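Biologist: Please show me the model, and then let us go through it with questions and answers.

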Amino acid sequence: MVGSFPLRLVQFVLLVTLAAVGIGTVVVWVGVPLLVLVTGLTRWFGDVERRWIRTTLDTPLPDAVRLPQEGTWLQRWRTRLTDQTTWRDFGYLMLALPLGIVEFALGIAGIVLFPIAIWVLPWVAWLHGNLALSLLGPPRNQQLAAKAEHLQASRARGVDAAEAERRRIERDLHDGAQQRLVSVAMSLGRAKSKFENDPEAVRELIDEAHSDAKLAVSELRDLARGIYPAVLGDRGLDAALSAQAAKSPVPVEVSVDVQPRPPAAVETTAYFIVGETLTNIAKHSGATQAVVKVWRTEDRVIVEITDNGHGGAEVRTGGGLAGLADRAATIDGVITVVSPPGGPTVVRSDLPCTW
């Protein structure tokens with residue numbers, strides 16, 4: 001913060017001087033180019049401040065969202081003047097010098113007085129970061145519009161994911177349990193027709209129907225487990241993920257710390273994300289070891305799966321990772337994949353516990 005004081009001083013002097021001269025001479029048109037320069041410098045200095053704040057204060061400050069500029073230079077300048085982001089940038093830059101003076105003084109004092117560096121400067125940095133968020137961050141209407149757009153996209157992806165899941169259940173029922181039950185009905189029908197004349201054949205048909213009925217029950221149980229595993233509801237994520245890891249052909253280390261227990265929708269999403277990712281690791285990664293870590297912060301559950309495979313995984317449309325992203329989006333969660341060539345691959349999901 002000490003090193004940024006000269007920049008604050010240059011910004012303030014340039015903008016105030018040019019603005020004052022430009023306003024004073026605008027009646028003879030000399031001031032118009034100066035005011036055009038002021039708006040351009042304001043935008044440029046604002047972007048410099050955003051990059052500095054993101055890097056130095058570790059504040060999640062997004063890039064500026066500005067009105068599109070079209071037409072002649074005069075029309076573009078008018079667009080800048082009517083863009084509230086320009087004025088928010090200018091307001092921040094005017095406040096940055098007084099704040100910079102305070103930070104400079106405290107920074108020098110902190111070199112000599114250690115308690116100031118430990119207790120005072122972090123609070124000043126927090127204040128600076130929040131001021132930047134309020135002025136350099138997007139206006140509230142833009143934030144609400146972006147959030148609404150994100151929610152709309154998430155809901156659309158959630159609907160698509162639910163429809164795909166419905167089709168999968170329908171296909172599994174048709175190709176599995178339904179065919180088994182049809183076979184049971186046919187075997188019992190044949191047994192009924194031979195009941196009087198061929199008791200031995202009836203016994204064989206009933207045995208066949210019995211076997212098909214047991215297979216149908218097993219397939220229905222597997223299908224129900226695929227919709228919502230019983231162990232997850234009974235014993236929670238730790239036991240459910242440990243059971244998944246035990247079935248994986250790749251050795252998996254599991255660490256789960258999600259107290260207090262998250263909502264059922266979050267648990268289910270985390271369970272299927274881990275299951276699908278472990279399946280992908282076994283099929284495609286060439287890994288010999290995987291690690292699953294799940295922990296809870298105040299308002300979200302983080303799921304992180306790491307493997308030592310050859311890497312190169314990415315989210316592709318229609319792929320397994322895209323399906324996981326769609327599943328996470330149904331509860332406003334996000335999937336992040338880091339998989340450089342040669343590995344390791346890290347699949348991380350941030351799942352909010354409140355909506």
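Modeller: A nonpolar core is a set of buried Ala, Val, Leu, Ile, Met, Phe, Trp, Tyr and Cys residues joined through side-chain atoms within 4.5 Å; buried means under 20% relative accessible area, exposed over 50% and partly exposed in between, with a 1.4 Å probe and protein chains only. This is a predicted model, where local features need pLDDT of at least 70, side-chain atom pairs count only at pLDDT 80 or more, and totals for chains, interfaces and linings use all residues. Residues are numbered from 1 along each chain as its sequence is written, and side-chain values use heavy atoms, leaving out hydrogens and water.

Biologist: Which residues touch the most other members of the largest nonpolar core?

Modeller: The largest nonpolar core has 33 residues. Helices (H or I, at least four residues) and strands (E, at least two) are DSSP runs, numbered from the N terminus. Helix 10 supplies the largest share of this core, 8 residues. The members that touch the most others are Leu237 and Val294.

Biologist: Is Leu241 buried or exposed?

Modeller: Leu241 lies in helix 9. Contact means heavy atoms within 4.5 Å, and beyond its neighbours within four places in sequence Leu241 has contacts that include Val254, Val292 and Val294. Because its relative accessibility is 1%, Leu241 counts as buried.

Biologist: In which sense do strand 1 and strand 2 pair?

Modeller: Two strands pair if DSSP finds at least two bridges between them. Strand 1 covers residues 252-257 and strand 2 covers residues 290-296, with 6 bridges. Val254 stands opposite Val292 in strand 2. The sense of the pairing is parallel.

Biologist: Which element gives the most to the lining of the second largest pocket?

Modeller: On a 1 Å grid over the protein atoms alone, a pocket is an open set of points where a 1.4 Å probe fits, with protein on both sides within 12 Å along at least five of seven lines; lining residues have an atom within 4 Å of a point. The second largest pocket is lined by 21 residues, and those nearest its centre include Asn280 and His284. Helix 10, helix 11 and strand 5 give two or more residues each to this lining. With 8 residues, the element that gives the most is helix 10.
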